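Subject: Structure handover

Dear colleague,

Here is the structure I said I would pass on. Please look it over before reading my notes below.

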Amino acid sequence: MDTWGFNWIVVRPSMYQGMNKQLFDDRVTFGWMGWTSKQFDYSGDALSRVEPFRDGTFMLLQDRMMNLQKPDVETCDRAEAALLDRGVLNLISEM
């Protein structure tokens, strides 16, 4: 983060993006866990953990690793919608 100046970092199954599983085609995806350079307050149940980390925000979808099964994809969709509502899910063209 410090060396390269990232503003969005995610951990997700590598096939998630290529399988058209993401909720918004024009937005960055989330996945299982991530970090954004944006600081935001969060209250809700779409993410299991959100906390400040290194001038940004760490986010965790759920305690166990995400897979590509329908319940996990639906959970990720809810998280991406919640992040979009908070102005955190950037357009791909802005990255």
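This is a predicted model: local features need pLDDT of at least 70, side-chain atom pairs count only at pLDDT 80 or more; totals for chains, interfaces and linings use all residues.

Overall make-up. Among contacts with a separation of 6 or more, 59% are between residues 24 or more positions apart. The exposed surface comes to about 5800 Å², with 49% of it supplied by carbon and sulfur atoms.

The helix. Helix α1 covers residues 70-85, which is 16 residues. At 1.5 Å a residue it should span 22 Å, and the distance between its end C-alpha atoms is 23 Å, so the two values agree. The buried residues in α1 are Asp72, Val73, Thr75, Cys76, Asp77, Ala79, Glu80, Ala82 and Leu83. An α-helix has 3.6 residues a turn, so residues three or four places apart point the same way. What covers the buried residues of α1? The cover includes β1 (8-11) and β4 (56-60). Just after α1, Gly87 has a positive phi of about 75°.

A loop residue. Gln62 sits in the loop between β4 and α1. Is Gln62 buried or exposed? Its relative accessible area is 12%, and because the cut-off for buried is under 20%, Gln62 counts as buried. The side chain of Gln62 makes a polar contact, at 3.2 Å, with the side chain of Asp72, and Asp72 is itself one of the buried residues in α1. Setting aside neighbours within four places in sequence, Gln62 is in contact with Trp32, Ser48, Asp72 and Thr75. Thr75, like Asp72, is on the list of buried residues in α1.

The strands. Strand β2 (residues 33-36) pairs with β1 in the antiparallel sense, over four bridges. In this pairing Val10 stands opposite Gly34 in β2. β2 is also joined to β4 by four bridges, and these two strands run antiparallel. Here Met33 stands opposite Leu60 in β4.

Regards

Definitions and conventions:
Residues are numbered from 1 along each chain as its sequence is written. Side-chain values use heavy atoms; hydrogens and water are left out. Contact means heavy atoms within 4.5 Å. Accessible areas come from the Shrake-Rupley method with a 1.4 Å probe; for residues, only the protein chains shown count as cover. The expected span of a helix is 1.5 Å times one less than its number of residues. Buried means under 20% relative accessible area, exposed over 50%, partly exposed in between (1.4 Å probe, protein chains only). A polar contact is a pair of N or O atoms within 3.5 Å; within protein, one must be able to donate a hydrogen and the other to accept it, and residues adjacent in sequence count only if both atoms are side-chain atoms. Two strands pair if DSSP finds at least two bridges between them.
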